[in-house]
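Biologist: Could we go through this model together? I would like to start with the pocket and then turn to the helices.

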Amino acid sequence: MDYLTTLDQLHAAYGTPGQAATVKVTPMLTAAYRGWIERSRFCVLSTVGPEGTDGSPRGDDGPVVRILDDRTLAMPDWKGNDRIDSLRNILRDGRVSLMFLIPGSNTAMRVNGMGRLTLDEDLRESFRRGEALPRSVIVIRIDEVYSQCARALMRSALWTCGDQSAGLPTVGDMLREITEGRLDGAAYDRDWPGRAATTMW
């Protein structure tokens, strides 16, 4: 198998993008882009660091990010698995990308920019959920924002193909396999719903 090795080869294979694909990129939020992102409860946060790349799902029961101004987003870091892969990457290489999705829409919204971490008490307090505070907040300076071509979501019928989860391996199955049975996967699956319910934030 031969691989492409130059930009000239790549450009020759794909040609020139259409006008809509290029004019949609803006260095800040437009009114339409703002309205779209304010409705999104889920995104994927992509980062890069010395060990490689990382893609982390982020979600909330309201907007997944808060718009501070047309060039700045704030994302609270709620409870997770404490691996902090994304956060370690951001500390060492601030480049971040976000892909926002909204169920039912075949549009995805993309943001590229620079992220920084803060423990600012006032900002953390502004995200309070009962007794819970985010341990940190990712503040993202937008460099570019644009809508993504809808074809991928249309091809996958992501929102209309129904529940595809029947018969999938559980996380407990995966952990049991990886540890060759040393970790009780059935117990993990049994305990997970109750643990998640009390540690959501």
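Biologist: Which residues lie nearest the centre of the largest pocket?

Modeller: Pro57, Trp78, Lys79, Gly80 and Asn81 lie nearest its centre, among 29 lining residues. Please note that this is a predicted model, in which local features need pLDDT of at least 70 and side-chain atom pairs count only at pLDDT 80 or more, while totals for chains, interfaces and linings use all residues. Residues are numbered from 1 along each chain as its sequence is written, and side-chain values use heavy atoms, with hydrogens and water left out.

Biologist: What counts as a pocket here?

Modeller: On a 1 Å grid over the protein atoms alone, a pocket is an open set of points where a 1.4 Å probe fits, with protein on both sides within 12 Å along at least five of seven lines; lining residues have an atom within 4 Å of a point.

Biologist: What volume does the largest pocket have?

Modeller: About 940 Å³, taken as the space filled by probe spheres set on the points, with grid points joined across faces, edges and corners.

Biologist: Which element gives the largest share of that lining?

Modeller: Strand S2 does, with six residues. S2 (52–59), strand S4 (72–77), helix H4 (85–92) and helix H8 (185–198) each supply at least two. Helices (H or I, at least four residues) and strands (E, at least two) are DSSP runs, numbered from the N terminus.

Biologist: And what is the lining like by class?

Modeller: It has eleven nonpolar, eight polar and ten charged residues. Ala, Val, Leu, Ile, Met, Phe, Trp, Tyr, Cys and Pro count as nonpolar, Asp, Glu, Lys and Arg as charged, and the others, Gly among them, as polar.

Biologist: Now the helices: at what angle do H7 and H8 cross?

Modeller: The axes of H7 (residues 171–178) and H8 cross at roughly 150° and come within 7 Å. Axes are lines fitted to C-alpha atoms, for helices over the stretch in contact, and angles run from 0 to 180 degrees between N-to-C directions. H7 and H8 are therefore roughly antiparallel, a label for angles over 145 degrees.

Biologist: Which residues make the contact?

Modeller: Val171, Gly172, Asp173, Leu175 and Arg176 of H7 meet Gly185, Tyr188 and Asp189 of H8.

Notes: Angles under 35 degrees count as roughly parallel, over 145 as roughly antiparallel, 65 to 115 as roughly perpendicular and the rest as oblique. Contact means heavy atoms within 4.5 Å.
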